[in-house]
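User: Hi! I have a structure open here and would like to talk it through. Could you help me get my bearings?

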Amino acid sequence: MKKIALLLLVTITFVSCSKSDDHLENFVKEFPESLVNQDKPLGTANIDGQTPININASFTEKISTLDPVIHYGAITLSNIENTEDNLKVNLSQADKTDNFITIKGNKYELQQFHFHYHSEHSINGEYGVMEIHFVHKSSKGAYAVLGVLVKNGKANTSLQTLFDGSPKLKGTNALSNLLNLNTLLPVDTNKYYAYSGSLTTPHLDFTLNEGPLTWFVFKNQIEMTNDQFKNYQGNYSKENFRVIQPLNNRKIFENIR
Ligand SMILES: [Zn+2]
């Protein structure tokens, strides 16, 4: 009896493995056109397409695409801003030009990145301790944001540099350090969820935010220690996140490359 059960288990495992080996070829390779907003700069009414959302991983449409291509390197920390709500790092013009993503060959330059806590997006109902938003803009005024959820774990030295370098009160600081942006991304950036959403002004939960913009939320999270999080909270004592908005009839795509 045991032998039969084991054989059955081996067979099932084998079948599911061989299935997953060839499944990549069955999915769409092009990034969905419906998520690209080249001709729709921010400001368009976006009633049914607000951010953030809960990502239910059981109801995604799977794709296998090379987009977005991320061209990140080291930036100067010439403008670390305490907005009173959160920490925001503004890029110099030279760093904007050198740090960008492309979607379907269109270039979106990184403008700034900033922090939320707890995370704005949830995945299967679970929040991250924090979320970082990397905000990009195309020459036509279209926006695309990369969202990185942060969980408790190992120390991240780049986060330490930023949290230590934050102004204690509203204002900006300039540091001489360089910061490699890739240290704030998960190792595997191929795996993400993408959907069409909006800006997320925290607390304005019943006011529509501008959109549409292309959202990417990485499946894998980066880590920081609880002490690092407390360090951040030392300067930003109030939570800043917008509550989950209805998905309505939007599709969430899942890149499985
Ligand atoms: Zn944000």
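Analyst: Happy to! One term to begin with: two residues are in contact if their C-beta atoms, placed from the backbone, lie within 7 Å. In this predicted model, 75% of the contacts with a separation of 6 or more are between residues 24 or more positions apart.

User: Nice. How many helices and strands does the chain have?

Analyst: There are four helices and 18 strands. The chain has 257 residues, and 32% of them are buried.

User: What's the average pLDDT?

Analyst: The average is 89, and 87% of the residues score at least 70.

User: And where does pLDDT stay under 50?

Analyst: That is residues 5–22, and the model has zero contacts beyond four places in sequence for them. Where pLDDT is low, the predicted coordinates should not be read in detail.

User: Good to know. Switching to the inside: which residues touch the most other members of the largest nonpolar core?

Analyst: Those are I132, V145, V148, A194 and F216, in a core of 47 residues. Strand β12 (residues 143–152) gives this core its largest share, with seven residues. In soluble globular proteins, nonpolar side chains tend to be buried together.

User: Let's zoom in on V145. What does V145 touch, leaving out residues up to four places away in sequence?

Analyst: V145 touches H133, F134, V135 and H136, and also L213, W215 and F216.

User: Where do P52 and P212 sit?

Analyst: P52 is in the loop between α1 (2–22) and β1 (54–55). P212 is in the loop between β15 (192–197) and β16 (213–218).

User: And what about phi?

Analyst: N124 is not a glycine, yet its phi is positive, about 50°. N248, another non-glycine residue, has a positive phi near 55°. N124 lies in the loop between β9 (122–123) and β10 (126–127), while N248 is in the loop between α4 (226–235) and β18 (253–255).

User: Is N124 buried or exposed? And why?

Analyst: N124 is exposed because it has 9 other C-beta atoms within 10 Å, and the cut-off for exposed is 12 or fewer. N248 also counts as exposed, with 10 C-beta neighbours inside 10 Å.

User: Great, thanks!

Conventions
Residues are numbered from 1 along each chain as its sequence is written. This is a predicted model: local features need pLDDT of at least 70, side-chain atom pairs count only at pLDDT 80 or more; totals for chains, interfaces and linings use all residues. Helices (H or I, at least four residues) and strands (E, at least two) are DSSP runs, numbered from the N terminus. A residue is buried if 20 or more other C-beta atoms lie within 10 Å of its own, exposed if 12 or fewer, and partly exposed in between; C-beta atoms are placed from the backbone. A nonpolar core is a set of buried Ala, Val, Leu, Ile, Met, Phe, Trp, Tyr and Cys residues joined through C-beta atoms within 7 Å. pLDDT is the predictor's confidence in each residue, from 0 to 100.
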